[in-house]
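Student: I have a structure here and would like to learn how its features get their labels. Could you take me through it?

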Amino acid sequence: MKCLLRCSRMSGSFVAQARRYTIALRFVVLAAALPWATSAAAAQATPRFELGAGVAVLKHGGSANAGPDFLAVYNLTRYLSLEGSIAWFPSEAGFTYLDPFKLQLVETSAVQGLFGAKAGYRTNRFGVFGKVRPGFISSPSTERVTGFLPTPPGFGSQPVLQVGRLTEKALDLGGVVEYYPARHWALRADLGSTLIFDEGVTFLRPNPATGTSDASTVGAGTSSHFQFSFSGQFRF
């Protein structure tokens, strides 16, 4: 009888101990899975792709040039993204030139393409990022060669103008602020400075000694220009 009682107590102790081990094991598994679940939930809260459209303003040539802006974003993580934008400025004062024959300014347009990355911090409602986006700005028709050609003695000089496409390198540096009113929608504001690596214009100057024109480059260098854009984005 004592043996049976002792066996019963041992069996009960073994069952209780097994239950304690089972409960402890469950806690260990839950603790190990919790960071993964939290990370997965955070990743799901950030859609992988974003497409947007808005307006961009570039202060170039002494004027605020405005035009439509289109944006594509690929979110590598919650805090790092690759992106590209294309903006079109119907009138770009930075490429406007003087026609010496008509003595009037000729307006021209420009396309800007920027491709790079943004990194920062975001919550479920807001995001703040820094961005670096190299690219280009291109005008289909602007002044490439100007100046004067020599003429026979006593007839002065003749103005010259050659017009063509000009594509210059650009670098966009600045910040981004985003607001997420819903999972699949975002409002975005960009603010920063765009560096343009100006190639300059070839200027011809008559040389009486040779009877030809000497060529030099004017306006070359690097210039900084304020740029702002605002867009709405669809996230998926």
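Tutor: Let's talk through rings, strands, the surface and charges, checking each label against its rule.

Tutor: A word on the source: this is a predicted model, where local features need pLDDT of at least 70 and side-chain atom pairs count only at pLDDT 80 or more, while totals for chains, interfaces and linings use all residues. Residues are numbered from 1 along each chain as its sequence is written, and side-chain values use heavy atoms, with hydrogens and water left out.

Student: How many aromatic pairs does a search of the whole structure find?

Tutor: The search finds six aromatic pairs. Rings of Phe, Tyr and Trp (its six-membered ring) pair if their centres lie within 6.5 Å; planes under 30 degrees apart count as stacked, over 60 as edge-to-face and the rest as tilted.

Student: Why is the pair of Phe49 and Phe236 called stacked?

Tutor: The ring centres of Phe49 and Phe236 are 5.7 Å apart and the planes meet at 25°, so the pair is stacked. Phe49 is in strand E1 (residues 49-60) and Phe236 in the segment after strand E12 (221-235), so this pair ties together parts 187 residues apart in sequence. Strands (E, at least two residues) and helices (H or I, at least four) are DSSP runs, numbered from the N terminus.

Student: Are these two buried, partly exposed or exposed, and how do you know?

Tutor: Buried means under 20% relative accessible area, exposed over 50%, and partly exposed in between (1.4 Å probe, protein chains only). Phe49, at 38%, counts as partly exposed, and Phe236, at 42%, is partly exposed too.

Student: What makes Tyr79 and Tyr121 a stacked pair?

Tutor: Their ring centres lie 5.7 Å apart with the planes at 5°, so this pair is stacked. Tyr79 is in the loop between strand E2 (63-75) and strand E3 (80-89), Tyr121 is in strand E6 (residues 110-122), and the two are 42 residues apart. Tyr79 has a relative accessible area of 38% and is partly exposed, whereas Tyr121 has 52% and is exposed.

Student: Which residues do ring pairs link into a cluster?

Tutor: The cluster consists of Phe49, Tyr74, Trp185, Phe234 and Phe236.

Student: How do you know that E2 and E3 pair?

Tutor: Two strands pair if DSSP finds at least two bridges between them. Seven bridges join E2 to E3, and these strands run antiparallel. They form a hairpin with four residues between them, and Leu71 stands opposite Ser85 in E3.

Student: What joins E3 to E6?

Tutor: Ten bridges join E3 to E6, again in an antiparallel arrangement. Leu82, for instance, has Ala117 in E6 as its bridge partner.

Student: What makes the nonpolar surface patch?

Tutor: Patches are made of residues with over 30% relative accessible area and no salt bridge: like charges are joined within 9 Å, and nonpolar side chains (Val, Leu, Ile, Met, Phe, Trp, Tyr) within 5 Å. Here a patch of about 820 Å² is made by Phe49, Leu51, Tyr74, Leu76, Leu80, Leu82, Trp185, Phe234 and Phe236. The area comes from the Shrake-Rupley method with a 1.4 Å probe; for residues, only the protein chains shown count as cover. E1 and E3 each supply at least two residues of the patch. Leu76, in the loop between E2 and E3, is partly exposed at 36% relative accessibility.

Student: Why is the contact between Arg133 and Glu83 called a salt bridge?

Tutor: A salt bridge is a side-chain nitrogen of Lys or Arg within 4 Å of a carboxyl oxygen of Asp or Glu. For Arg133 and Glu83 the N to O distance is 3.3 Å. Arg133 lies in strand E7 (residues 126-150) and Glu83 in strand E3, so the pair ties together parts 50 residues apart in sequence. Both residues are buried. Arg133 also meets Asp172 in a salt bridge, at 2.9 Å.

Student: What makes Lys118 interesting to look at?

Tutor: Lys118 forms a salt bridge with Glu178 (3.6 Å, N to O). Lys118 is in strand E6 and Glu178 in strand E8 (residues 157-182), so their pair ties together parts 60 residues apart in sequence. At 1% relative accessibility, Lys118 counts as buried, and Glu178 is buried at 1% as well. The charged end of Lys118 also sits over the ring of Phe129, 4.9 Å from its centre. That label requires NZ of Lys or CZ of Arg within 6 Å of the ring centre and within 35 degrees of the ring normal.

Student: Which residues are linked in a network of salt bridges?

Tutor: The network links Glu83, Lys118, Arg122, Lys131, Arg133, Asp172, Glu178, Arg188 and Asp190.
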